[in-house]
Amino acid sequence: MSTETIIEARGLTKRFPDQPKKNSKKVVEAVSNLDFHVGRGELVAFLGPNGAGKSTSLRMLTTLIPPTSGTARVVGHDILTQPADVRARIGYVGQLTSGSFSQRARDELLSQGAFYGMTRAAAKQRADELIESLDLTGFALRSVQQLSGGQKRRLDVALGLMHSPPLLFLDEPSTGLDPQSRANLWKHILDLRTQHGTTVFLTTHYLEEADRYAERVMVMDRGRVIADDTAPRLKAELAGDVLTLGFATTSDAERAIPVVQQLTDRSVRADTETTITVTAPDGDTLLPSAVRALDAQKITVTRATGVPPTLDDVFLALTGRTLRDAGETHESEETAQTDASPDDENSEQPNDHTPTATTAGARR
Amino acid sequence: MTIQTNHHDTAVRENAARDTWNVLTRELKPVARDPFTLIFSLVQPLIFLGLFAPLLIGQSGMPIGETLQWFVPGVLVMIVLFGTGATGSNLQYEMMTGSHERTLVAPLARSSLLVGRALKEIAPIAVQALIIVLIAWPFGFAIHWGGLVIGLALLAVFGVGLGSLSYTLALGTKDREWLFWGVQQTLIFPLLILSGMLLPLDDSPAWMQAIATVNPVNWVVQAERALLAGNLGDTAVLWGWTSAIVLAAIGLVIGVRAMRKSS
């Protein structure tokens, strides 16, 4: 995997009018001063609650909306001055359904091929390859309207891949899918990467998804990237394993605290009368060594648990809110509608094309 | 199963003519696959032909053929007014379900997304107009083939204009379907009545006649009557073409502008 840069964002910022009225001077800063690089071949996820600015960022990077300030180079071209060059080199799977409901699935793939300058023969061959590899055989001649949610989503991915782009953007790819369809979709995305080294850039508000599949997680909140690392490192540095040790008596628990404290620089404290707890990044090694050290001091550990952290713990450590709470707050605050509303399939997931409710003025 | 990859680093460039053709052929696919949708959307004009024409015949006391010669050209314009005037709702649906967004990320000239759609309207208009003419024929409607061909061409230009305006309305109203239909219905019926399509405006009050004078639909209807009667040199034909061309030009310009702003 080379280190060649495929996305370079510099000071990318998007403000929307707070009210859809023209005279309103109040603005909402949906994305603030985004600076980041993505190397060719990376699999990066924007993780954050609804309204964090993930989709707005993606919509700027894919030339759908112009930034208020700042810019980005995507596959070697500037999104502001060379949007057509960017479009020709990226694949995009939006939050909604890419296929037109009145079209047949295969027809949409062929149209997409024509849009990207493929010959009819090349488009046919490519469409049939994608239909087979994305398990759409048998549904290809149905109209998009007749497809199930999972089939629609796989067609969306096929449409995004039709012209074999070196960079694929996916906006909430698995929202609205059942767990099986979600796993199936991810299998396809991961296969694609291992076979072709396609760079994948996605947004998600599913913790497990970012944790399990993304190699690099950019945590977004209120228009800003507040952390950017691999999931294991984010968890180790910002959250840590929660270790709990149980004892037969309160005095054992009290005597155990200084013993365990010698092994770690994280604070060890009493949890209940007979248990003590510590949150540490190296919990998997700390736990056995703590048990051994306590044994040596003739303090018997009766129960021991180590709970590894989730990205939600990371988000909590960073913002003081859990991802779920943050999402709910933002959902209720969202008012301005800047684009088409989502269809039924995605109704549980409001567009975060809409700006977050935090005003730029209030933040300063 | 492997997916072949040949990264297109000689990536495609936007080309308005080729992109328009690609958008046009894509739009025609559902129509070509299911041509019965065209016949189904003819229900409204057929009701006017079947239930309104007899009333006209009874009222005017003129022979059936003569009444149809007056009424059928109006029905052809009605097809455009009701069918093409509503076509923006298709785009609105695609904006709401997501496929419009996909085409905006594709390397297509923005103008092609509007012009290709507007040109597609010609196909249903031509097919539907021919069906109406062929239905009226056995009842005494005389077909002047030269006039019919020019009349269909005029309808096509008028349809491209009205279709563009309908798409513009969709792009402007975004996800507010009620607004699209509210505006569309508010405009369609005055345009219909003030075009003398259903009843002659000869006995109407002066203010109605004044409005009809600036109603392009009125001029297109009068031109169609002249053309379908074989009077190719009638001045109404000139006014009809002028109205249709101006409408098409305005529609395409503001439509393309709205498409450029679309996100």
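Biologist: Which element gives the most to the lining of the largest pocket?
Modeller: This is a predicted model. The top contributor gives 7 residues, and it is H5(B).

Biologist: How many residues line the largest pocket, and which lie nearest its centre?
Modeller: The pocket has a volume of about 970 Å³. Its lining counts 39 residues. Nearest the centre lie Val31(B), Thr37(B), Thr87(B), Asn90(B) and Lys120(B).

Biologist: How many residues of the pocket lining are nonpolar, polar and charged?
Modeller: Gly counts as polar here. On that basis the lining divides into 15 nonpolar, 16 polar and 8 charged residues.
The class asked for last, charged, has 8.

Biologist: What is the area buried between chain B and chain A?
Modeller: On the chain B side, 39 residues are in contact with 54 residues of chain A. Carbon and sulfur atoms give 52% of the buried area. The total is about 4,100 Å².

Biologist: Which element gives the largest share of the side of chain B that touches chain A?
Modeller: Between the chains, 16 residue pairs are in polar contact, both at pLDDT 80 or more. On the chain B side, the elements giving two or more residues are helix H1 (16-33), helix H5 (88-97) and helix H6 (99-105). The largest share is 7 residues, from H1(B).

Biologist: How many residues of that side of chain B are charged?
Modeller: The side that touches chain A has 14 nonpolar and 12 polar residues. Its charged residues number 13.

Biologist: Why does the salt bridge of Lys54(A) and Glu172(A) tie together parts apart in sequence?
Modeller: The closest N and O atoms of this pair are 3.8 Å apart. Lys54(A) lies in helix H1 (residues 54-61) of chain A, and Glu172(A) in the loop between strand E7 (167-171) and helix H6 (179-196) of chain A. The pair therefore joins parts whose separation in sequence is 118 residues.

Notes: Residues are numbered from 1 along each chain as its sequence is written. Chains are lettered from A and ligands numbered from 1 in the order in which they are written. This is a predicted model: local features need pLDDT of at least 70, side-chain atom pairs count only at pLDDT 80 or more; totals for chains, interfaces and linings use all residues. Side-chain values use heavy atoms; hydrogens and water are left out. Contact means heavy atoms within 4.5 Å. Buried area is the accessible area (1.4 Å probe) that two parts lose on being put together, summed over both. A polar contact is a pair of N or O atoms within 3.5 Å; within protein, one must be able to donate a hydrogen and the other to accept it, and residues adjacent in sequence count only if both atoms are side-chain atoms. Helices (H or I, at least four residues) and strands (E, at least two) are DSSP runs, numbered from the N terminus. On a 1 Å grid over the protein atoms alone, a cavity is a set of points where a 1.4 Å probe fits but cannot get out, and a pocket is an open set with protein on both sides within 12 Å along at least five of seven lines; lining residues have an atom within 4 Å of a point. Grid points are joined across faces, edges and corners, and a volume is the space filled by probe spheres set on the points. A salt bridge is a side-chain nitrogen of Lys or Arg within 4 Å of a carboxyl oxygen of Asp or Glu.
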